[in-house]
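Here are a few notes to read alongside the structure. Take them in order, with the viewer open.

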Amino acid sequence: MSSSKDSPKSGLSRRDFLRAGGAAATSVTGLAGATLETQAQPGQPPASHIPVLGPGPAKISLNVNGREMSTAVEPRVTLLDALRNYLDVTGCKRVCDRGTCGACTVMLEGKPVYSCSMLAVEAQGKAIRTAESLVDGGKLDPVPEKFVQFDAQQCGFCTPGFVVAMRAVLDRNPKATPEDVEQGLQGNICRCGTYEQMRDAIYSLCNRPRRS
Amino acid sequence: MKNFSYYRPATVEQAVSLLENRFGNTELLGGGTDLHDLQKEYVSQPARVVSLGGIAQLQTVQVAEKSVTIGAGRTLASISEHPQLRQLFPALATAAGEIAGPQLRNMATLGGNLCQRNRCWYFRDEHSNCLLKSGSTCFALDGENKYHSVFTQGSRCVAVTPSTIGPVLIALGASVEVQNAAGKRLVEIGRFFKAPNANGEREHALASNDVVVAVQIPVQGLTNAHYEVRQKLSSDWPIVQAAVSFQGGRNGEKATDVKIVLGQVAPVPHVAQAAMRAIENQSITEQTAAAAGQAATQGAKPLSQNAYKLKLIEVAVKRALLLASGARPYWLA
């Protein structure tokens, strides 16, 4: 495959970007949190005061596991990176970073989402729940407890995503069947392949005997 | 990801006022599941991102006697779980509910599904300067093309249409409500998709200052179903997809006004005219459905690596017709 022979590529390369990024970020910080006055279009009400953030770091507030936490992030920072690198909430893991593997799963208003594929600024005003919420004063929630009991992890890196996705299914339907729970885990991958032990944990959570 | 300014308008009018007369510098943000991937690969490098997440109007679903209107901001999960949509349009609910996994369906929106960029690996590779960037060659034509078009429809880019909702909406005769500075208009879904063939072109026929507001689907009592072939049961893209609709056609009754639309086989959803003629005014049996499936491959010109898709087209059309007719899905037994 030939590449970029036809004409110069538009935009910045990663290297140019890294070089220029620091300067750009500081020079535009003053814009953060401003509103934009736009001109009225003919025949339309004026579209004024549209909130705008960035491109420099903007102050944001996130509700994480019932706690209001604030930090300043550029608009491009994903919810995953904001949680892990800005707020030190490291339960959610960065693996594929492309909305495929499920290691970054958090609950947003009770629904599981990929935190790698959402901007932190978009999560403002919404209740975020991470794997950290599944332990209370040293006592494990039944989902991770069953993971321990049935040895449902090997390296364990995917586990926070799995337990959050599983908790979301059971919160929504406490009488979920093992099939319902498995449906709810379609967006998670375990590369160690501990699915059989996870199935044991799921059947136990659903109070069903598992036939081998 | 290149950094950008983030705008959060509260109305469609405000969103429209931020758009420009070319694609690229300003992008609309729905669920972000496609846009952020493209940004992370530096394939998309907008300086401004306009979020549609703060616009309440895009979240409505209205079920009226003659038509159903679904806001473009509704998530795929909320569409697949909506009781009335499930009852009226099982093809739509099934297609929406089979996309990727639950996390992605809780984020991805209807409007985003229709406007997403194609999945060609050459297009999505930062270092591959293909036809849709500033290059002049479609690398898939002579390259790795096993997931590409078998009906190229004269397009120079042979990537397949990425939307699995699109073919279903064509089968259901839907229209797309679009808004720009001049006002609102309805675009018939059959005219919505367009094959991109150069830098600055998209997989749809809308302009860069248009916003998809909603999708309208007429309520016509159509029997409808959707079937897709994937390599994995979940979290995967379909390889071939068939959406079908018709009047009657259940319990041995004859099917009329048949529509059969294929996805993932051509640069835009492919209306399988020969298959439609083959099953029109027939009762749906395994034999007639299989004949329609064979007819659906008429005119196909597979590339070097994707002739296998022809067999999958036969299977998808046959099973979608049988599902719609109420037959027992023997392939699940």
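1. Start in chain B, where Asp34(B) and Arg124(B) form a salt bridge with their closest N and O atoms 2.6 Å apart. Asp34(B) sits in the loop between β2 (26–29) and α2 (35–40) of chain B, while Arg124(B) belongs to helix α8 (residues 121–124) of chain B, so this pair ties together parts that are 90 residues apart in sequence. Keep in mind that this is a predicted model.

2. Are these two partners buried or exposed? Buried means under 20% relative accessible area. Asp34(B) has 13% relative accessibility, so it counts as buried. Arg124(B) has 12%, so it counts as buried too.

3. Next, have a look at a network of salt bridges that share partners: it joins Asp81(A), Arg94(A), Asp97(A), Arg98(A), Lys40(B) and Glu41(B). Over all chains, the structure holds 26 salt bridges.

4. One bridge to pick out is Arg94(A) with Asp97(A), where the closest N and O atoms are 3.2 Å apart.

5. The side chains of Glu122(A) and Arg8(B) meet in a salt bridge, 3.0 Å from N to O. On the chain A side, Glu122(A) is in the loop between β6 (111–114) and β7 (127–129); on the chain B side, Arg8(B) is in the loop between β1 (5–7) and α1 (12–18). Glu122(A) counts as buried, with 10% relative accessibility. Arg8(B), with a relative accessible area of 26%, is partly exposed.

6. On to helix packing in chain A. Helix α3 (residues 142–149) packs with helix α6 (residues 195–205) at an angle of about 130°, and their axes are 9 Å apart. How do the two lie relative to each other? Angles over 145 degrees count as roughly antiparallel and 65 to 115 as roughly perpendicular; α3(A) and α6(A) are therefore oblique to each other. The crossing of α3(A) past α6(A) is right-handed.

7. Last, the surface of chain A. Which residues make a nonpolar surface patch of about 230 Å²? They are Val135(A), Leu140(A) and Val148(A). Val135(A) lies in strand β8 (residues 135–136) of chain A, and at 39% relative accessibility it counts as partly exposed.

Conventions. Residues are numbered from 1 along each chain as its sequence is written. Chains are lettered from A and ligands numbered from 1 in the order in which they are written. This is a predicted model: local features need pLDDT of at least 70, side-chain atom pairs count only at pLDDT 80 or more; totals for chains, interfaces and linings use all residues. Side-chain values use heavy atoms; hydrogens and water are left out. Patches are made of residues with over 30% relative accessible area and no salt bridge: like charges are joined within 9 Å, nonpolar side chains (Val, Leu, Ile, Met, Phe, Trp, Tyr) within 5 Å. Accessible areas come from the Shrake-Rupley method with a 1.4 Å probe; for residues, only the protein chains shown count as cover. A salt bridge is a side-chain nitrogen of Lys or Arg within 4 Å of a carboxyl oxygen of Asp or Glu. Helices (H or I, at least four residues) and strands (E, at least two) are DSSP runs, numbered from the N terminus. Buried means under 20% relative accessible area, exposed over 50%, partly exposed in between (1.4 Å probe, protein chains only). Axes are lines fitted to C-alpha atoms, for helices over the stretch in contact, and angles run from 0 to 180 degrees between N-to-C directions. Angles under 35 degrees count as roughly parallel, over 145 as roughly antiparallel, 65 to 115 as roughly perpendicular and the rest as oblique. A crossing is left-handed if the near helix is turned anticlockwise from the far one by less than a right angle, and right-handed if clockwise.
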